[in-house]
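Work through the exercises below with the sequence and the 3D structure in view. Each task is followed by a solution in steps.

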Amino acid sequence: MLNNNPQAHAAIYFEDPDGNSLECISPLRLNFEEAFEQMSLKTWEQIKEKGLN
């Protein structure tokens, strides 16, 4: 997630079959003022599995 209160952004980076770098980015509306640091998808999945959202 990319810090940008009052919205955070989720971004995924990957390559297409031809080797072109692609980025998908989407704003996530937050209802509180807590700042978030960047995290990997794996870390986010671990947090969600533990129910610590």
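Buried means under 20% relative accessible area, exposed means over 50%, and partly exposed lies in between. The model used here is predicted.

**Exercise 1.** State what share of the residues in the protein chain is buried, and describe the accessible surface of the chain.

Solution. Step 1: the protein chain has 53 residues, and buried residues make up 8% of them. Step 2: the accessible surface of the chain comes to about 4600 Å². Step 3: carbon and sulfur atoms account for 50% of that surface.

**Exercise 2.** List the secondary structure elements of the protein chain and give their order.

Solution. Step 2: read from the N terminus, the order is β-β-α. Step 3: strand β1 covers residues 7-15, strand β2 covers residues 21-29, and helix α1 covers residues 41-50.

**Exercise 3.** Among contacts in the protein chain between residues at least 6 apart in sequence, find the share that joins residues at least 24 apart.

Solution. The share of these contacts that joins residues at least 24 apart is 25%.

**Exercise 4.** Decide whether F14 and L22 are buried, partly exposed or exposed, and name the surface patch to which they belong.

Solution. Step 1: F14 is found in strand β1, and L22 in strand β2. Step 2: F14 has 38% relative accessibility, so it counts as partly exposed. Step 3: L22 has 35% relative accessibility and therefore also counts as partly exposed. Step 4: together with I12, F14 and L22 form a nonpolar patch on the surface. The accessible area of these three residues together is about 260 Å².

**Exercise 5.** Which residues does L22 contact, leaving aside its neighbours within four places in sequence?

Solution. Step 1: with those neighbours set aside, L22 is in contact with I12, Y13, F14 and D16. Step 2: take I12 from this list; I12 and L22 are ten residues apart in sequence. Step 3: in space, their C-alpha atoms are 8.2 Å apart.

**Exercise 6.** Place T43 in the chain and find the side chain with which its own side chain makes a polar contact.

Solution. Step 1: T43 lies in helix α1. Step 2: its relative accessible area is 33%, so T43 is partly exposed. Step 3: the side chain of T43 makes a polar contact with the side chain of S40, at 3.0 Å.

Definitions and conventions
Residues are numbered from 1 along each chain as its sequence is written. This is a predicted model: local features need pLDDT of at least 70, side-chain atom pairs count only at pLDDT 80 or more; totals for chains, interfaces and linings use all residues. Side-chain values use heavy atoms; hydrogens and water are left out. Patches are made of residues with over 30% relative accessible area and no salt bridge: like charges are joined within 9 Å, nonpolar side chains (Val, Leu, Ile, Met, Phe, Trp, Tyr) within 5 Å. Accessible areas come from the Shrake-Rupley method with a 1.4 Å probe; for residues, only the protein chains shown count as cover. A salt bridge is a side-chain nitrogen of Lys or Arg within 4 Å of a carboxyl oxygen of Asp or Glu. Helices (H or I, at least four residues) and strands (E, at least two) are DSSP runs, numbered from the N terminus. Buried means under 20% relative accessible area, exposed over 50%, partly exposed in between (1.4 Å probe, protein chains only). Contact means heavy atoms within 4.5 Å. A polar contact is a pair of N or O atoms within 3.5 Å; within protein, one must be able to donate a hydrogen and the other to accept it, and residues adjacent in sequence count only if both atoms are side-chain atoms.
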